[in-house]
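This briefing takes up the ligand site first, then charge pairs, then backbone geometry. Please have the sequence and the model open while reading.

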Amino acid sequence: MANHITPDEFRRHGHAVVDWIADYWSGLDSLPVTSADPPGTVAAQLPARPPERGEPLDRLLADLDTVITPGLTHWQHPRFFGYFPANTSGPSVLGDLVSAGLGVQGMLWSTGPACTEVETVVLDWLAELLDLPARFRSTGSGGGVIQDSASSAILIAVLAALHRAGGGRWREHGVDRPYRVYTSGQGHSAIEKAVRIAGLGDAGLRTVAVDPQTLALDPAALRTAIEADRAAGLVPAAVVATIGTTSTTAVDPVPAIGELCREYGLWLHVDAAYAGAAAICPELRHTHAGLEHADSYCFDPHKWLLTGFDCDAFWVADRAELITALTVLPEYLRNAATESGAVLDYRDWQVPLGRRFRALKLWFVLRWYGAEGLRAHIRDTIALADGFAARVEADRRFELVGAHPFTLVCFRLRSAGDTADADADAVNAELLARVNATGRAYLTHTRVGGRYTLRLAVGSPYTGREHVTQTWQLLADTATELKR
Ligand code: PLP
């Protein structure tokens, strides 16, 4: 007989797991941010064969401390400043736990009406909080849906764009013309991947030049590229503009790009994966100017809005277009609600059929924090990043690289007068390697204008002024060690 867990056993172990997570969070500050163990360390501690007999959950919990935690990069650590944040929060975890417990598969409205309706309402709430154009709301022609990631959102946008560009033929005939998708050289690699998956090949992507100062897409270069492609018999289909590029959080000029998309009849997707959360604060909404031109828009609450991975919020201005592009209705999914036309079936808005109740974690986060709590998080983390930038600026050995409108600060050690760029790059790389090797902070890097550049991105709810100060001190002391 299967040894199913009883509700009472689940209750006991569930409490222990919640205690374990709470202890993990309260002890994070004293853990090294990253693991120093070589590859294979975790795998070597796991049995080579799966267990034949079931084990008590206490043994599993014990392994979390001895095997799992030491082998992690701690993304929730107060001194994790790498990539972009991927922060979670207590309310998000609890919402996810409820979703897991309910085990609802909400592919259709009829397979879990609340799963669909909460998602629709929560995405409308978010649209209001970000002040997105009215047509993105479900009460207008559009609507929002949760995708697993911004990468999936970009893929869906590209597919809908192909459907439109082909005058609806894409569904039947696929890519039957040489379509082109445009983005800047600073656009995320997910765009390249989406274009490839969509069947356009790498040749389907046009990388448009950026303004060398701001690293934002140059609309004049976009026009030139579109004109050249049209003249060559190619078919421009879509532009992916970015608000907050991954390297440096550059903001593409969406108003000008939007005008061009209108003029040439191109789909405009705006990817604000990380920086979109900023629009919750009225004083930062200027970064979203031009969104009224967009056909689709996405941002990741799983980055900077305290909602655990995975949660990308994706909106389209015309849901009918998207649904027509993606819907397939086999007999076994037919049901009265779908046929009534009165409900949304989110399976038609994404690649997979199945979907879990992801809206719950967002609902928990929005209700726990309220708009004012979320705005405070955005403002607090920006203030911490500004504080760090001020320290960089005050130390003559360092320089800021570009602006820091959100919580990402790009910086590097200046080149010593006669030092070649390559040597300066090597010193900066060594600075980063030494700092990260201490386990006391974790930063990542990029290249800006070809030059090695360090990135510090703030986002953890556990990060306070002291953690930023400690990290700055570590960087400054390490620079001294390097005789800079
Ligand atoms: N777009 C931008 C601007 C990003 O910065 C990222 C990730 O950092 C992505 C897309 C991809 O995000 P996801 O992991 O949600 O697919």
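In this predicted model, a polar side-chain atom of Asp300 lies 2.8 Å from an oxygen atom of the ligand. The protein covers 87% of the 390 Å² of accessible area that the ligand has on its own.

**Ligand site**

- The ligand is located in the second largest pocket of the protein.
- The shell around the ligand consists of 13 residues, and the closest are Ala150, Ser151, Thr246, Asp271 and Asp300.
- Sorted by class, this shell contains seven polar, three charged and three nonpolar residues.
- Two helices, α6 (150-165) and α11 (301-304), each contribute at least two residues to the shell.

**Salt bridges**

- Side chains of opposite charge can pair when their charged atoms come close.
- The structure has 28 salt bridges.
- One of the salt bridges joins the side chains of Glu283 and Arg379, with an N to O distance of 2.7 Å.
- Glu283 belongs to the loop between β5 (267-271) and β6 (296-299), while Arg379 is part of helix α14 (residues 359-394), so this pair ties together parts that are 96 residues apart in sequence.

**Backbone geometry**

- Most residues other than glycine have a negative phi, and most peptide bonds are trans.
- Which residues does a cis peptide bond join? The bond lies between Phe309 and Asp310, and its omega is about 10 degrees.
- Asp310 is in the loop that runs between α11 and β7 (312-316). Helix α11 is also one of the elements that supply residues to the ligand shell.
- Asp131 has a positive phi, near 55 degrees, and is a residue other than glycine. Its place is the loop between α5 (113-129) and β1 (143-147).
- Thr249 is not a glycine either, yet its phi is positive at about 60 degrees. Thr249 is found in the loop between β4 (235-242) and α10 (254-264).

Technical notes
Residues are numbered from 1 along each chain as its sequence is written. This is a predicted model: local features need pLDDT of at least 70, side-chain atom pairs count only at pLDDT 80 or more; totals for chains, interfaces and linings use all residues. Side-chain values use heavy atoms; hydrogens and water are left out. A residue is near a molecule or strand if one of its heavy atoms lies within 4 Å of it. A polar contact is a pair of N or O atoms within 3.5 Å; within protein, one must be able to donate a hydrogen and the other to accept it, and residues adjacent in sequence count only if both atoms are side-chain atoms. Accessible areas come from the Shrake-Rupley method with a 1.4 Å probe; for residues, only the protein chains shown count as cover. On a 1 Å grid over the protein atoms alone, a cavity is a set of points where a 1.4 Å probe fits but cannot get out, and a pocket is an open set with protein on both sides within 12 Å along at least five of seven lines; lining residues have an atom within 4 Å of a point. A molecule sits in a cavity or pocket if more than half of its atoms lie within 2 Å of its grid points. Helices (H or I, at least four residues) and strands (E, at least two) are DSSP runs, numbered from the N terminus. Ala, Val, Leu, Ile, Met, Phe, Trp, Tyr, Cys and Pro count as nonpolar, Asp, Glu, Lys and Arg as charged, and the others, Gly among them, as polar. A salt bridge is a side-chain nitrogen of Lys or Arg within 4 Å of a carboxyl oxygen of Asp or Glu.
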